[in-house]
Amino acid sequence: MTTVLRIAAFSDGNSGGNPAGVWIGDALPDAPRMQAIAAEVGFSETAFAAPEGEAWRVRYFSPAMEVPFCGHATIALGAALAHRHGDRSFELHLNKAVISVSGRRDGNTIAAALQSPPTRSAALEPSLRDALLDLFGYIPSDLDPALPPGKIHGGADHALLALGSREALARMAYDLERGRALMDEAGLVTVALVTVERPQLFHVRNAFAAGGVVEDPATGAAAAALAGYLRDVGWPHGGAIDIVQGEDMGARSLIRAEIGEAAGSSIRVSGTARFMV
């Protein structure tokens with residue numbers, strides 16, 4: 001039986017990060033079996049990978065459902081593949097995209113970077129914005145007018161609510177089942193709540209009720225989507241942003257997103273990963 005590796009992606013050195021399961025085998029199990037394994041592991045996502053020619057066929061499962069793309073599990077997979085096969089880049093075939101991840105060993109941690117699927121963004125429908133504000137107990141004056149609410153995509157769909165203060169971000173709370181119903185109805189994988197410390201530094205919390213998880217300490221797919229949104233709205237990102245996530249959970253995580261000039265183009269998302277005992 002293949003062992004599921006447990007790897008914390010986007011770690012802050014030898015601590016923090018978002019735990020992901022990584023299953024690597026000769027052929028992928030069937031979907032019900034992958035779903036059962038992900039539920040047993042209990043992390044927000046588990047990545048399943050098997051060789052497909054010179055590339056790797058990859059699928060992602062949360063404890064509750066399959067998701068089209070997961071950034072932190074991809075970083076964890078890149079770390080696992082680099083640990084097994086050496087420092088290099090690996091082509092990944094997802095359900096609806098072809099991406100890549102690279103890994104480089106550095107002592108007890110492995111630096112990894114992924115190239116996201118294409119990005120896109122649009123304004124968030126007012127009715128959905130109001131429903132999300134009500135879910136989290138915010139009011140319109142809590143929002144940051146510099147970054148309008150958006151529906152953002154970097155391999156999966158997310159909603160973005162930018163808050164005007166770090167204090168507002170710190171008091172994020174919501175009912176899981178109510179959040180799951182709302183996110184399922186809207187087709188959202190997560191809701192990203194962000195505050196701006198500087199134009200290139202963001203503090204983020206990601207509600208992942210759709211996957212049966214209240215909050216993710218690091219979310220690479222949403223980071224790619226946020227970076228693409230910032231490019232779309234003409235934000236002064238200077239080519240890259242840094243994201244601090246998980247602080248309010250006691251699992252500080254660090255994510256870097258590099259932003260090319262071409263609208264909709266892939267975002268390079270990087271960080272370190274540590275193997276968990």
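Which residue takes a positive phi in the hairpin of S10 and S11? The residue is Gly155, with a phi near 115 degrees. The legends below describe a predicted model, in which local features need pLDDT of at least 70, side-chain atom pairs count only at pLDDT 80 or more, and totals for chains, interfaces and linings use all residues. Residues are numbered from 1 along each chain as its sequence is written, and side-chain values use heavy atoms, with hydrogens and water left out.

View A. Helices (H or I, at least four residues) and strands (E, at least two) are DSSP runs, numbered from the N terminus; two strands pair if DSSP finds at least two bridges between them. Strand S10 (residues 150–153) pairs with strand S9 (residues 120–123) in the antiparallel sense over 4 bridges, with Lys151 as the bridge partner of Ala122. S10 is also joined by 4 bridges to strand S11 (residues 157–162), again antiparallel, and Ile152 stands opposite His158. The hairpin of S10 and S11 has 3 residues between the strands.

View B. Ser11 counts as buried because its relative accessibility is 3% (buried: under 20% relative accessible area; exposed: over 50%; partly exposed in between; 1.4 Å probe, protein chains only). Its side chain makes a polar contact of 2.8 Å with the side chain of Thr272, and one of its polar side-chain atoms lies 3.0 Å from the backbone oxygen of Gly13. A polar contact is a pair of N or O atoms within 3.5 Å; within protein, one must be able to donate a hydrogen and the other to accept it, and residues adjacent in sequence count only if both atoms are side-chain atoms. Beyond four places in sequence, Ser11 has contacts (heavy atoms within 4.5 Å) with residues including Leu254, Ala273 and Arg274.

**View C. His93 in strand S6 (residues 88–93).** The side chain of His93 makes polar contacts with the side chains of Glu52 (2.6 Å) and Glu91 (2.6 Å). Among the other residues in contact with His93 are Trp56, Arg57 and Val98.

**View D. Helix H5 (residues 176–186) and its ends.** Gly179, Leu182 and Met183 are buried in H5. They lie on the same side of the helix, because they cover an arc of only 95 degrees around the axis (taken from the directions from the helix axis to the C-beta atoms). Their cover includes helix H3 (126–136), strand S12 (190–198) and strand S13 (201–208). At the N-terminal end, Asp175 caps H5 through a side-chain oxygen 3.4 Å from the backbone nitrogen of Glu177. Just after H5, Gly187 takes a positive phi of about 70 degrees.
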